[in-house]
There are 2 protein chains.
Amino acid sequence: MAVHAQEISKKTNPDLVKERKKCTFNTLELIHLLDGGEDKTKERHQREAFFLKDPELHLEVPLEYLSHKEQYEESVRITCKIFQKLQEFHGGLEHIREILGGQLGSALLKDGTPLGVHYVMFIPTLIGQGDTQQQAEWLMKAWTCNIIGTYAQTELGHGTFIRGLETTATYDPKTEEFVLNSPTLTAYKWWPGGLGQSANYAVVLAQLYTQDKCQGIHPFIVQLRDEETHEPLWGIKIGEIGCKLGMNGANNGYLGFENVRIPRTNMLMKHSKVLPDGTYVTSSSSKLTYGTMIFVRVVLVQYAELYLRKATIIATRYSAVRRQSQINSNEPEVQIMDYVTQQNKLFPYIATCYAFQFVANWLWDVYNNITNELESGQLDNLPELHAISCVLKTVSSADAAEGVETLRLACGGHGYMTSSNLPRIYGFVTAMCTYEGENTVLLLQTARFLIKTWQNKRNLSKSQTLKYLEKSLDEHIQFEKSVNWIIYTLQQTTARKINLVNNHINERVKKGHTYEDAWNNTSIELIAMAQLHGRTFIVETYYNTVNNFKKQVSPELSVVLQQLLELYAVHTFLRSTGDILRFSGALKKDIEVVQLWLEELLASIRPNAVGLVDSFDMSDEILSSSLGAYDGNVYERLFAETQKSPLNAEQVNKSFHMYLKPFMLSNL
Amino acid sequence: MAVHAQEISKKTNPDLVKERKKCTFNTLELIHLLDGGEDKTKERHQREAFFLKDPELHLEVPLEYLSHKEQYEESVRITCKIFQKLQEFHGGLEHIREILGGQLGSALLKDGTPLGVHYVMFIPTLIGQGDTQQQAEWLMKAWTCNIIGTYAQTELGHGTFIRGLETTATYDPKTEEFVLNSPTLTAYKWWPGGLGQSANYAVVLAQLYTQDKCQGIHPFIVQLRDEETHEPLWGIKIGEIGCKLGMNGANNGYLGFENVRIPRTNMLMKHSKVLPDGTYVTSSSSKLTYGTMIFVRVVLVQYAELYLRKATIIATRYSAVRRQSQINSNEPEVQIMDYVTQQNKLFPYIATCYAFQFVANWLWDVYNNITNELESGQLDNLPELHAISCVLKTVSSADAAEGVETLRLACGGHGYMTSSNLPRIYGFVTAMCTYEGENTVLLLQTARFLIKTWQNKRNLSKSQTLKYLEKSLDEHIQFEKSVNWIIYTLQQTTARKINLVNNHINERVKKGHTYEDAWNNTSIELIAMAQLHGRTFIVETYYNTVNNFKKQVSPELSVVLQQLLELYAVHTFLRSTGDILRFSGALKKDIEVVQLWLEELLASIRPNAVGLVDSFDMSDEILSSSLGAYDGNVYERLFAETQKSPLNAEQVNKSFHMYLKPFMLSNL
């Protein structure tokens, strides 16, 4: 008897209907607020419909059932369709980032795309580092995808420490060419997306040698494959790096060079140059790349929030539908969302999504200001903004990863199913802790700025992100149940922790350590200090944003926004009680009151939980989750998904006849 | 130009050679100590060689490159080979658990096996729940794999709450049969390993109805598939549940019943019975299953340790080989293990492995005592041991999962590669947080026992795991830098936290909450309290074990064991400073000293780090990691692994001609 795919019923799960009736605010008002206006919401819906309703962009078999190779082929097929469609979309390629960067892209390109780096790194590098002539030669070809590029920086042996890269580009004035080489195995480029089988060009970062002198790392345009046949060119060793925890559609590759010659004009020369005779002409604008780095971190904070938001919607809806066990033994089984332990897994992450959105917006504004300042030659604010962007990338990726995992586990066994989409979301979000600056390394960069500023306190009052350090070392304010008090307490804790950590470094130097060794030996405390600074800053930004919003929203919505703000503040406070008791004026009994406050907030938010995740307004296609769909038909969807497994297409698998039956009979 | 697989050089990485020379103790002594004697080490090596050197048990292509279906087929092939080989091994099937349960099994069955549940659940249930006649009928067939069974308890809609299971078995006295039905979709059995395409029998847990009365959940033997053709029998709806985060070789399945009839004698009747006329005869021995549950938890603590141990070895060796960046700017790039932040990611988990091993041994002894007590009718100690086994399962699985992820991230991008084996290890270890009792649910069971005991303090002095609560509420001892002081402080913290949490419940009851609601509303604090109790108990057990070991080992090894014990104690202490400052007599300045103590311990352990993970004596085949091999040829292995990707078997993938080239030319 064959089992046929179940129809998903048209009716919404009654528990979700009930939840939506209970909601105390208008979800549409919140949706428009988060989008930035009703018209923006409408535009977003149109964009989503244009792409998501196209049957050619759907997968027949979910990627996870295909072989690694088939997954690549399917990713290329979908990617090409999407970019074709992008040309048809009004506005076209200009909307690439809007369309592919955010939630829509994550729905279309389920496990990454081989063309992502082409748009995110290759083209921007041509723009940022190529001179006018180079842009004329390559930019249009790249925009129209006549050539497909990637960005090859990281090597098998070097990631964080860019100065240690081994690939060489040696100038030969006789032929006016650079000769590229990978002197060792560890010099092989490793990780670039699309490099494995897709790209035919790359920006390659290499140590520039000219006139017998190394001039450090510079970018070069290198053709990798023949434009007609796609065969790798002579001296190019190329392939994909193999299976990974996630993003297996991205076709990450390796790349080695053996005396590969490229014309002199393939070095990107907007800043530094090599003249035909081999003379190196230097540039002084190395700090200009800071701007781009801050931009990338805006995007990363947004991504962290996007992944966390998906997991939050899925787990919250599931927790409203799933009924398990009893609270009072004479009553029926309860929605698992009624367990306070479950609320404490869900609701703080709903609040965290808002926190990350608001801090990403703040960072975006800052990036725009900085860009203007840079253009007028002002560089003073760069170190501070570099420091805050490092810690925001770190805290948002780490907390989002922790959140996604907490939320996945909160869905029990069903969260372990690929069809829940939670494992894949985790694959994306955890990667963020490593790429674009490994989190521990970035925290130490923020820490270095904090210690330096602390040691030279004159700058504090001018600083947007650190002026709190000035006032919070000595004063002490008595407990009150307010976000203000929590912010003040966190600031005081951070300031005094910085002070202590700085003393520890100094003591070690006095004992005879070099400053660098003293730094390393104090680094466990340094990263904890930087993290605390980052979280404190997020609470403060959240507070400012909600206070602004309150002026423009209905009283009902205002109450809910305030509750979420308080929840994030309380949640942040309670994860640092050790430091708070050590460093701030807060008392033990205050902790007890804040714990009770947490429990009150969870109870207040409970009736609005589903309304809050509905207000994230994410379509089922984007969520791609059997557990998270708007109608809450969780069990029907879980079952319907099983019918997509090719193993279920036949009653008896061949392995029964080949291996199992002979084995079962062999020991009779 | 084709790229050929690199040979792995025979030479050990010089950094590892240097590390091994530095080691201050004899690793062989530690290996023998952990194995329980030199002869035990030898036996283990023989077992490992017998299986691991057999080329038929190796995979030609790593599983991750195959499709989901091919992965299943390959799992069946390997599984059948292994069990054939097991018959040849002297001692044979008796050694199943030894061979398959531990590290050897994890190497042979890379992503789980469809026959695991047959041995771990199906056969034990026949033994534990079948009467003599039933055992005679089925046990030998099961032992020889003439039939292959699974254990079907969990349903799509019910996991934790067993009483809520919906599958029915209704007795029909006319035919002396039970009629099995799945009244709803949520009644479908869901998750049993091997159920999808492998098993032809199952133990099915169902609500027993006889003489119009429901008698609750009972186990039934149900034939699922024809023994000849393997076709599902009439009324049996069966298939696999689809892709998961991990264990995709396990063939987890679903199962629905439509008027499936089985003989009366297929109900497992060792305890309760249904007589031919339908009379239900009850049993009073429901507590006897506690013994089995404790046994399962011994195994789970061992598993948690096994996964953590693998990740620890991999990340530690990698951190000795990987060089990146500089500490002092005039010196060469350092081994990343020289960064104190990296040490703090690695070394506490080396110590945690020991902690979990020792507490698993303790639990194993307890299980044996309990088994003896149960046989003589003594049940007094069961609730306490149930409580401690719940929290030990929880803490070991949660901390091991956190550890594996920390260690994976500590390997940077390379830890994201499947060939590092870290993603797969995480897939296994995180599943443990959910199965065999979801962690939050189990913590609340331990909490219930703690609160109950606290409310009735007379029992404390008799209790092995809780007597510390008696003395630690009032006294206070002054700081000293000793594990004893840490244990005392943790105990005092736990006791006073239990007291506070109990007061919070009582206050809520006084305000008019039912006890159950009060319990639920206090549950965030309850689980934190139970966790603290569990960790405190582990530190104490670790302390006792090391003190015993010290009498039998060399002075060099004794020093190292003491350092690891101290590190685990300090690490546990520092993750609870909030509670410690709130509840114990410890002072703020004590925390500062303990932090310094941590940093000293990391420095002391640094020279022995590689020696310590070498002493876990895990072969390269078992580790299966490009980053963790004994010779440390990390980069060669990473590269060699890429050559196993079928995508790299050809220079140009067909998707270039099918999709990419037309797309690249379309916008010219």
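Analyst: Happy to; below, each label is set against its definition.

This is a predicted model, where local features need pLDDT of at least 70, side-chain atom pairs count only at pLDDT 80 or more, and totals for chains, interfaces and linings use all residues. Residues are numbered from 1 along each chain as its sequence is written, chains are lettered from A and ligands numbered from 1 in the order in which they are written, and side-chain values use heavy atoms, with hydrogens and water left out.

User: Why is the pair A:Phe50 and A:Phe51 called edge-to-face?

Analyst: Rings of Phe, Tyr and Trp (its six-membered ring) pair if their centres lie within 6.5 Å; planes under 30 degrees apart count as stacked, over 60 as edge-to-face and the rest as tilted. By this rule there are 49 aromatic pairs over all chains. For A:Phe50 and A:Phe51 the centres are 5.1 Å apart and the planes stand at 85 degrees, so the pair is edge-to-face.

User: What makes A:Phe51 buried or exposed?

Analyst: Buried means under 20% relative accessible area, exposed over 50%, and partly exposed in between (1.4 Å probe, protein chains only). A:Phe51 has 0% relative accessibility, so this residue counts as buried. A:Phe50, at 28%, is partly exposed.

User: And why is the pair A:Tyr307 and A:Phe428 called stacked?

Analyst: Here the ring centres are 5.6 Å apart and the planes at 25 degrees, so the pair is stacked. A:Tyr307 sits in helix α9 (residues 289-321) of chain A and A:Phe428 in helix α12 (residues 422-431), 121 residues apart; helices are DSSP runs of H or I with at least four residues, numbered from the N terminus. A:Tyr307 is buried at 8%, and A:Phe428 is buried at 13%.

User: What makes B:Lys53 and B:Glu621 a salt bridge?

Analyst: A salt bridge is a side-chain nitrogen of Lys or Arg within 4 Å of a carboxyl oxygen of Asp or Glu. The closest N and O atoms of B:Lys53 and B:Glu621 are 3.0 Å apart, which meets that limit. B:Lys53 is exposed at 58%, whereas B:Glu621 is partly exposed at 28%. Over all chains the rule gives 67 salt bridges.

User: How do you know that B:Asp399 and B:Arg575 tie together parts apart in sequence?

Analyst: Their salt bridge has its closest N and O atoms 3.6 Å apart. B:Asp399 lies in helix α11 (residues 382-410) of chain B and B:Arg575 in the loop between α18 (555-574) and α19 (577-583), so the pair ties together parts that are 176 residues apart in sequence. B:Asp399 is buried at 4%, while B:Arg575 is partly exposed at 34%.

User: How do you know that the two copies are related as by a two-fold rotation axis?

Analyst: Copies are superposed by least squares on the C-alpha atoms of residues with pLDDT of at least 70 in both. Chain B can be laid on chain A with an RMSD of 0.0 Å by a turn of 180 degrees and a shift of 0.0 Å along the axis. The copies are thus related as by a two-fold rotation axis.

User: Why is it said that the copies meet through the same surface?

Analyst: Contact means heavy atoms within 4.5 Å, and 146 residues from chain B and 145 residues from chain A take part. Of the interface residues of chain B, 99% are also interface residues in chain A, so the copies meet through the same surface. Nine salt bridges cross this interface, among them A:Arg508 with B:Glu599 at 2.7 Å between the closest N and O atoms.

Note on methods. Helix = DSSP H or I, 4+ residues; strand = E, 2+ residues; numbered from the N terminus.
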